[in-house]
Amino acid sequence: APNEKAQRISMLLWGSAGCGKTTLASTAPGKKLWINFDPDGTASIANRAKARNDIIVLDLASEKDNIVEKFKVADPLGLTKFLTENPDVETVVIDSVTNFGDKALAHGVEIAKGTSKGRGATLEDPGFSGYGNKNTWMRLMVKHMLEVTGKLNRHVIFIAHEDKPTTNDQGAVLFITIMLGSSLSEQVPLQISEVWAMTDTGKERRIAV
């Protein structure tokens, strides 16, 4: 039907620092709600946001680590109401899932310390309890953001950083994966329709879909 909305896209966009992930995500359709967890994460889009007035930044980078608890609920940050009242916001960007994970791990360790099993948890050695908390909160964040944006037919882009290369005994790079930690590198993309890997060769920027 002519009045039918285009199918929304859910995307995981990942790559090395400075390869252009944030700049690319800023070209997504319509006005964008930018949920930022990266220190200085919106610096590269500040001029565009000002000139085109198409990016609303919710900067959570300097919030305490327990901000991750806000994403455990089915409607994080009251997003349904905001998106319903702002139909021109067509895309929600989470920048980045990796930094959300850092906050989730730090908070997860603090919570674990208060339990008998996780008493000895530290950031250096989070243990089963610390990692368990982090992984649970990251999965819930992705799940709930997908559900809310899906229900309201908005695009959603999760930005993630590239992990350290996995090498063989000779030091040759075998593969590079998404910096999500544990089994999340396999689990999270399964829930998302598009996974784009970005690289910058120094001469050109490439996207592998």
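Visitor: Leaving aside its neighbours within four places in sequence, which residues is His107 in contact with?

Guide: This is a predicted model, and in it His107 is in contact with Asp65, Asn66, Val68, Glu69 and Trp137, once the neighbours within four places in sequence are left aside. His107 itself belongs to helix α4, which covers residues 97-113.

Visitor: Is His107 buried or exposed?

Guide: The relative accessible area of His107 is 11%, and because buried means under 20%, His107 counts as buried.

Visitor: How many helices and strands does the secondary structure of the protein come to?

Guide: There are six helices and nine strands. Of the 209 residues in the protein, 44% are buried, and among contacts between residues at least 6 apart in sequence, 67% join residues at least 24 apart.

Visitor: How should I read the pairing of strands, and in which sense do β2 and β4 pair?

Guide: In a regular strand the side chains alternate between the two faces of the sheet. In the present case, β2 and β4 pair in the parallel sense over six bridges, with Lys31 standing opposite Val89 in β4. Strand β4 also pairs with β5, again in the parallel sense, over five bridges, and here the bridge partner of Ile94 is Phe158 in β5. Six of the seven residues of β4 are buried, which leaves this strand mostly covered.

Visitor: Which residue in the hairpin of β8 and β9 takes a positive phi?

Guide: That residue is Gly202, with a phi near 100°, in a hairpin that has four residues between the strands. The two strands, β8 (residues 194-200) and β9 (residues 205-208), run antiparallel and are joined by four bridges, and Ala197 stands opposite Ala208 in β9.

Visitor: Which residues does a cis peptide bond join?

Guide: A cis peptide bond joins Asp95 and Ser96, with omega about 5°. Ser96 lies in the loop between β4 (89-95) and α4.

Visitor: How is an aromatic pair described, and what are the values for Phe37 and Phe100?

Guide: A pair of aromatic rings is described by the distance of the centres and the angle of the planes. The count in this model comes to three aromatic pairs. Phe37 and Phe100 form one that is edge-to-face, at 5.2 Å centre to centre and with 80° between the planes. Phe37 lies in the loop between β2 (31-36) and α2 (46-52), whereas Phe100 lies in helix α4, so the pair ties together parts that are 63 residues apart in sequence. Both Phe37 and Phe100 are buried, and together with Phe71 they form one aromatic cluster.

Visitor: Which residues is Phe82 in contact with, leaving aside its neighbours within four places in sequence?

Guide: With those neighbours left aside, Phe82 is in contact with Leu33, Ile56 and Val89. Phe82 lies in helix α3 and counts as partly exposed at 26% relative accessibility. Phe82 and Leu33 are 49 residues apart along the chain, and their C-alpha atoms are separated by 9.8 Å.

Visitor: Which residues line the second largest pocket, and how do they divide by class?

Guide: The lining of the second largest pocket consists of Ile9, Met11, Leu13, Leu24, Ala25, Thr27, Ala28, Pro29, Thr91, His155, Ile157 and Trp196. By class, this lining has nine nonpolar and three polar residues, and no charged residues.

Conventions: Residues numbered from 1 in each chain as written. Predicted model: local features only at pLDDT ≥ 70, side-chain atom pairs only at ≥ 80, totals over all residues. Heavy atoms only, no water. 1 Å grid on protein atoms, 1.4 Å probe; cavity = no way out; pocket = protein on both sides within 12 Å on 5 of 7 lines; lining within 4 Å. Nonpolar A, V, L, I, M, F, W, Y, C, P; charged D, E, K, R; others polar. Buried < 20%, exposed > 50% of the residue type's maximum accessible area, 1.4 Å probe, protein only. Contact = heavy atoms within 4.5 Å. Phe/Tyr/Trp six-rings, centres within 6.5 Å; stacked < 30°, edge-to-face > 60°. Pairing = 2+ DSSP bridges.
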